[in-house]
Amino acid sequence: MFHEYALQHAWLIPLLPAIAFVLIGLWLRRVPLLSAGLALAVSIAAFLLACGVGQAVIAQGITVEQPFIQRVPWVAISGLSLDMGVFIDPITAMMLVVVTLVSLMVQIYSLGYMQGDPGFGRFYAYLSLFVAAMLGLVISVNFIQLFVFWELVGLSSYLLIGYYFYKISAREAAKKAFITTRIGDFGLLLGILFLQILFGTLDFAQLGLAIPAYVQQSGTGLLTLVALLIFLGPIGKSGQFPLHVWLPDAMEGPTPVSALIHAATMVVAGVYLVARVFFLFDLLPVALQTVAWTGAITAFFAASIALTQREIKRILAYSTISQLGYMMLALGVGSVTASMFHLMTHAFFKALLFLAAGAVIHALHDQNDIFAMGGLRHKMPVTFAAMTVGVLAIAGIPPFAGFFSKDEILLAAAQASWPLYLMAVVTSGLTAFYMARLLFVVFFGPEKPDNHPHEAPLSMCIPLGVLGVLAIVGGFVPYTYHFGDWVRFGPASHSGLDWAIAGTSTALALLSIGLAWLMYGSGRVSAERLAWRFPGLYRLSYHKYYIDELYQWLNQTVVGGIGRALYWLDLYVIDGIVNGLGKLTLRLGDGLRKIQTGQVQQYGLVLFGAILLVAAWLVWIEPALMGGVLS
Amino acid sequence: MNITLLTSEILVVLLGILIMLFDVLLPRQESRRSLGMMAVWGTLGILLYTFTLAGPPATVYKGLYVLDTFAVFFKQLFLVSTVLALLFSLDYVQDWSRNQGEFYALLLFAVAGMMVMASANDLLTIFVGLELMTVVFYILVGFHLEQVKSSEAGMKYLILGSASSAVLLYGMSWIYGATGSVVLTEIAGKASASPAVLLGVALMLAGIAFKLAIAPFHLWAPDIYEGAPTPITAMLAMGSKAAGFAILLRIFIVALPALQDYWLIAVSAMAVISMVGGTVVAMRQTNIKRMIGYSSIAQAGYMLAGLMAADVPGVQGMLFYAMLYIFANVGAFAVIVSVSQQTGTDEIEDFAGLAQKSPFLAVVMTIALLSMAGIPPMAGFVGKFYIFLAVIEQGHLWLALIGFIMSMVSVYYYLLVVKTMYMKEPKDSRPLLVGSSIGVAAVASVLMTLFLGIYPAPLADFAKAAAQVLW
């Protein structure tokens, strides 16, 4: 049976793209077609295997309680043994399918988008590495394996964001992404080390058994600290406030990369991590509260920035941050199901939105400002249709995918706390507004005379079509097939649709879209007047709450100040000692070298002298006298 | 008597004799490369055969000769290093005007000696194996008859090596005199802390330390490393050293555990002197083979430090290190051979701009040197980690600290070579062509160095199984 084979060989899923990376990176990168061909073939194989794993999960009844686990010893020393392995439960299977599917679509899309780029082969090598890292992270069996791939994801995102390395802005963005996420990773690593010290194991399955017992015995104090440290990793990786600053800048990478980063790899890694170790968070109310509030604040905060941005990819970037906030919020209020459901639908419609945006940018020769676009719906009907589907999906209009997942989040939030629910609802209204704004400004209104748009080539349209279909049915179908029975934590809950909540959010979304039409479609309400009326609010939003400026200032004055002081110390004190030691050692080397005269007689003399010394020592000096040295 | 236990040794000797025969039969003008290839494939075959030897320990000749996991581990180590050393010798030997066939045959006889040492279970067999190996090396070190340096090195090695062998034998005779036995397991029951036994222990320790090039018995090593033909330098650093460790472990752990308190003091002192002395002096070397010579003194010090733990994890670390050290050395020497074939010298400054002339060789050299320095993810890191962890677990934190510090210092001279290769301009722009056999050896060394660094578990398990035999 294929699904049995796929399950037993799930380790192939990350390995195949990794092999493709090595092959392309070492040999094939100068042959563009071969590079892309290999990467695509491998992606298809990985996708099929992932589907097989999904099938196996259903066929063999693998549940969250009874995952399928394979372990291979990696390093074993006394007191510490580390494994590499495969951990498959319904959450993993869902992630595998989503990641391989979206990456496959992105790779097909890139055939057209990156055509003629001098680094075509390199691009596919990096893409393969990125996907391999993400897939390895998804199937991780313990924290160490997860951390290794987590860092690999960081590395490959650095390579891809800085893909146009000859552009200063791209280099800066790549560094920013790498360094900002590194702050979170540091916390994650500390948390992992704490877990190893506390429990002596990092294996998810074993920790899942050990932690409840520990909480029973010792309370939640220390573990809450550990969980918060771990949560720092997702804050960085998943662009949560206040470490979200790297994500909008990451738009410097090629658009397919943005789609990959925002939809399937990298940013959802943080959400996935929290879901994977939910057995830890679930027992710690304070940690959960932190997750929930971080998510809610991020969701609202990013949506309010997206309202005023002008660059198409930046708007989408802030919408990603906002949606990731939703997922965190869902986790924080205890619904892994809602979070993972939204992660999946978001992957579909966000990839769709980015790829459609890429088609627009491609058609307008790297034009990024939405107000320089306009009226594109005639010339680019396919892209227009795709973008419309994406906007309706993210706005949460039934029956599009986003409606179902967002509704589950709102429901979970409403059951947990009113303030959180309120923030989520307002955010959903804002989301509908700024996405509709993007749609109307870009595709409606008068055409700009300088633009000569053309529809995207077939290789770019196919992924748009596939993802478009998924953005339509990706919510309804899982909903009817009881997604929550499989992907969950604890007992399955059949909440169903709460019509009050669903109705409110849908009405709000429709109202927002209507308002956006009045402002940007028909132009009956002037957006400038509104901005002029609330200059403070507008500027705050447009300048992203000056967070970047704040960090810049902090960096220059505080960090830079400390740095200058330490530099002085380093230069005059540390270096002095180090250089002195170095010179001393070299002198010692010179001196000792002189023993080596080349004279055999002298060598013989030293030899026998040393032998006499050793013999005399052993025979005459009692070991008890030396006991102090050895023990 | 089960003579089949000796099959691998017999096969190696037969292969050597076969090569000598063919050497006579082949037309005088014909290249002896075919004989080298014969040695490579033959050794490879014997190596594959040794994988069938796993099983419970078995003895032959009334317990004088033992085939256990420990012996198999070292036999495989010798055979692996021989295959790789032969691969990068082929081009080197081809430039000689005569005696090419004998070179391969002699090398195989030396390997037979090492394999005997790995299995020997009594002092006399140990000595016979050791002498078989050493006598062959006397010849091979001076094999480069056209070069005065080589002859000088051969002569020095002969004089000093004979002296040290005499010391070792003298020590063995004291042990025999005091205990009435040469069989290791029997000595274990009879050895007491009498002056006679202790004198024997001291002399044997000194004799073996000489073969290992442990300070202060190391003075021969830099001169001989520099003067010997490069493949022989490599075999001295890899095979001869590992064989010395094999008998050191057998004698001191199997026969003399009762005197552990005595010899551990000497071992700790020698380990420290080797680590510090080898590292410090290596910094000022200008000849790459000499530098490797000093660094090998320091490396032997690290391995000896593992003996300080005097338990299974410590010996496991030593064995693991001995194996990974082979691969690091193969990489380094393959590059040295390639470079010296073009330039004719072994000076570090001749490596200038190697990264431009042959990026491949520069990468191989860098990985090999970083592994020796113990930088992750190269295997050397894992090896040092195993050794120092075992040492710390036994409470000798100070020794591990010295090891850490010296490892850090050693990065200086290893990176000095890397800096020369990458930062300095080449003296000429002739590209450096890499022979196919050298390329195979270099790739194998790089792959194994990275593999063992990233996934050490299989070899570590094997080394553990081998170490457990001794207790």
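A residue is called buried if 20 or more other C-beta atoms lie within 10 Å of its own, exposed if 12 or fewer, and partly exposed in between, with C-beta atoms placed from the backbone. The structure is a predicted model, in which local features need pLDDT of at least 70, side-chain atom pairs count only at pLDDT 80 or more, and totals for chains, interfaces and linings use all residues. Residues are numbered from 1 along each chain as its sequence is written, and chains are lettered from A and ligands numbered from 1 in the order in which they are written. Helices (H or I, at least four residues) and strands (E, at least two) are DSSP runs, numbered from the N terminus.

Helix H16 of chain B covers residues 379-393. Of its 15 residues, 11 are buried. Among them are B:Phe381, B:Lys384, B:Tyr386 and B:Phe388. The expected span of a helix is 1.5 Å times one less than its number of residues. For H16(B) this gives 21 Å, and the end C-alpha atoms agree, at 21 Å apart. B:Gly395 follows H16(B), with a positive phi near 90 degrees. Packing partners of the buried residues include strand E1 (68-77) of chain A and helix H12 (288-309) of chain B.

Two residues are in contact if their C-beta atoms, placed from the backbone, lie within 7 Å. The contact between the chains takes 31 residues from chain A and 42 residues from chain B. On the chain A side, the largest share, 12 residues, comes from H27(A). That side has 22 nonpolar, 7 polar and 2 charged residues. Here Ala, Val, Leu, Ile, Met, Phe, Trp, Tyr, Cys and Pro count as nonpolar, Asp, Glu, Lys and Arg as charged, and the others, Gly among them, as polar.

Within chain A, 9 of the 9 residues of helix H11 (residues 255-263) are buried, so H11(A) is largely enclosed by the rest of the structure. Its buried residues pack against several helices of chain A, including helix H4 (90-113) and helix H5 (120-138). A:Phe278 lies in helix H13 (residues 278-281) of chain A. It is buried because it has 22 C-beta neighbours inside 10 Å. Beyond four places in sequence, A:Phe278 touches A:Val336 and A:Phe489.

pLDDT is the predictor's confidence in each residue, from 0 to 100. Chain A averages 83, and 96% of the residues score at least 70. Confidence in chain A is lowest in H28(A), at a mean of 51. Where pLDDT is low, the predicted coordinates should not be read in detail.
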